[in-house]
Amino acid sequence: MMFIDPHAHMISRTTDDYEAMAAAGVVALIEPAFWLGQPRTYVGSYIDYLSHIVGFERFRAGQFGIRHYCTIGLNSKEANNQELAEGVMEILPRFALKEAVVAIGEIGYDEQTELEDKYFRLQLDLAKELALPVMIHTPHRDKKRGTSRSMDVCLEHGLDPAMVVVDHNNEETVREVLDRGFWAAFSIYPSTKMGNARMVEILRQYGAERIIVDSACDWGISDPLGVPKTARLALDSGVPEEHVRLACYQNALSAYGQSGQIKEDDWLNPPAIDQRTLYEGNSVLRGGREARIEEPGAQRGMDKLIIE
Amino acid sequence: MGTPTDLLHEWLSRRVSEQSLEWLDGQLGKLRDASGDRDLVITLGMIPRRLGKDDLNLSAGDLAAADAARPGWDPSLWTIETAARVLALLAFSGNEAAFLDAYKELCRSADVAEAIALYAGLPLYPAPEKLVDQAGEGLRGNVRAVFEAVAHRNPYPREQFDENRWNQMVLKALFIGSTLDPIQGLDDRANPVLARIMCDYAHERWAAGRQITPEIWRCVGPFAEGDMIADLKRVAGSSDPQERSAAALALTASGAPEAKAILVGLTAESAALEAGTLRWKDVVPA
Ligand SMILES: [Zn+2]
């Protein structure tokens, strides 16, 4: 089975993770622009970060046979630094039309401040102007109200719910998100967001229409195999294969495919230009190191299936 | 004879739909009298969406016209998006000062395909000597295709790089597993320092029991003397035919009397050299 991990912050992961993901069947992933664990203090560090995720990180993923996409945005925490936020808003159009940028994101609320609200709205306008989907990060604290409010504001700005993925859902938020016609994504992130046994229950209860599973793996304690592990657990628990395929592959492709920047052909028949840029080089093997290919999954693997 | 701008436009008009060309012409018109770079940024971003990313597929006649318009200009591997992006940059470059600033900013925020276009176009932009540091940045990253946009099929490095930058570029090509033959001016700009660096590098690789591309000896041949001749002798004794070919080519370039003596032992390679059937571009790693 092929998987897409539509939310993975690979800038903070290792080549080991890429090998394990590829071995577990991940063919493509999306890297949403987010913060780095501490706030950036200058717009210049944003420029370098964004050009990293549209450039070198794509190339690095390609070295392991995984197609890399990203989303571009100013995150909610950094929206609270107004000087930085103004600078970032100015440079966003420079990055939002890059190759393989599939959405404006991840954007939304953290503490639900006025500044967060202001830059969330401005970015929804930008997404509309550039005809790009939106990826919404819902807050950890006061999640239920933050999630409803995010959707209210999207509708107020005239966005079609079919163009908006609401992420980091849980049992408390999923019903409303689906009922209002948005895509509902779930981050299988240990301890703080969703566990995959809970995710399987949600698939049983709601089916898989407009439901998307991701790992949201980043610099915290998280698991880059969140999607394949959830798929395996769901299949083992008797969830129909077609539902697993929708939640762990097809729905992400359908939602973000609306950007025109991600399609199945990218990994099934990679075009010549991509072979030139992504598959030929050896530059992660710096300094002329010989390529050494580990047994798939030799270091990291699928043996510890449950993510709690 | 057409200018590069004329040629790029003609090639694109043969490859894209009338509607796409109309859009492009509209953007080019805006860029000719643009003051800020917002239109340029949007145009570069929209180009692959409007025109596609297929190869440009130029004929031998087109390539000859390119070389006549700008000696050394070799767009043989360009895509439609590269050609259109360079055309857009040329339209914007009428204001030299604005262009220099915009170029630097664009390089800072480029994706891989954009970076390829920005660097492949180097020989065509105004005030090329002012872009040397930026071209150096293009060599500094880790994406091989971007490195090659500067280093391969591009007359810019041979014309603008000082010796150190040149030598570092050639050496890095080896480090990232790239090839040397597509570097223009490789033989003209060979120098004793590079020859010494290459031999040191070869010794390092030998010590680690690693392969070395036979192309490396091309940079050594013309300056080979003393210990370097001993290195070439070692390569001449290789069981790998590509290595023996490289040794023969390098020894021919050397002119040192000991080189001639070793060459005598390479009978098959010497015959091929005599017949003109052995050239550097045939010497590629197995
Ligand atoms: Zn995230």
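## The interface between chains A and B

In this predicted model, 30 residues of chain B are in contact with 27 residues of chain A, contact meaning heavy atoms within 4.5 Å. The area buried between the two chains is about 2,600 Å², with carbon and sulfur atoms giving 52% of it; buried area is the accessible area (1.4 Å probe) that two parts lose on being put together, summed over both. Across this interface the rule finds 8 residue pairs in polar contact, both residues being at pLDDT 80 or more. A polar contact is a pair of N or O atoms within 3.5 Å, where within protein one must be able to donate a hydrogen and the other to accept it, and residues adjacent in sequence count only if both atoms are side-chain atoms.

On the side of chain B that touches chain A, two or more residues come from each of α3 (38–51), α6 (96–108), α7 (112–120) and α9 (144–151) of chain B, with the largest share, 6 residues, coming from α3(B). Helices (H or I, at least four residues) and strands (E, at least two) are DSSP runs, numbered from the N terminus. By class, this side of chain B has 13 nonpolar, 5 polar and 12 charged residues, where Ala, Val, Leu, Ile, Met, Phe, Trp, Tyr, Cys and Pro count as nonpolar, Asp, Glu, Lys and Arg as charged, and the others, Gly among them, as polar.

## Salt bridges across and within the chains

The rule finds 3 salt bridges across the interface of chain B and chain A, a salt bridge being a side-chain nitrogen of Lys or Arg within 4 Å of a carboxyl oxygen of Asp or Glu. The side chains of A:Arg94 and B:Asp37 meet in a salt bridge at 2.9 Å, N to O. A:Arg94 counts as buried at 15% relative accessibility, whereas B:Asp37 is partly exposed, with a relative accessible area of 22%; buried means under 20% relative accessible area, exposed over 50%, and partly exposed in between (1.4 Å probe, protein chains only).

Within chain B, B:Asp62 forms a salt bridge with B:Arg14, the closest N and O atoms being 2.6 Å apart. B:Asp62 lies in helix α4 (residues 60–69) of chain B and B:Arg14 in helix α1 (residues 4–15) of chain B, so the pair ties together parts that are 48 residues apart in sequence.

B:Ser109, in the loop between α6 and α7 of chain B, is buried, with a relative accessible area of 1%. Not counting residues up to four places away in sequence, B:Ser109 touches A:Ser51, A:Arg94, A:Phe95, A:Lys98 and B:Glu114.

Because 9 of the 9 residues of α7(B) are buried, this helix is largely enclosed by the rest of the structure. At its start, a side-chain oxygen of B:Asp111 reaches to within 3.3 Å of the backbone nitrogen of B:Ala113.

## The zinc site

The zinc ion has A:His7 (NE2), A:His9 (NE2) and A:Glu106 (OE) as its protein donors, lying 1.9 to 2.1 Å from it. Donors are N, O and S atoms within 2.8 Å of the metal (3.2 Å for Na, K and Ca), and water is not among the atoms, so sites may look incomplete. Along the chain the donors follow the spacing H-x1-H-x96-E. A:His9, in the loop between β1 (3–5) and α1 (15–23) of chain A, and A:Glu106, in strand β4 (residues 101–108) of chain A, are 97 residues apart, and both are buried.

## Conventions

Residues are numbered from 1 along each chain as its sequence is written, while chains are lettered from A and ligands numbered from 1 in the order in which they are written. Local features need pLDDT of at least 70 and side-chain atom pairs count only at pLDDT 80 or more, whereas totals for chains, interfaces and linings use all residues; side-chain values use heavy atoms, with hydrogens and water left out.
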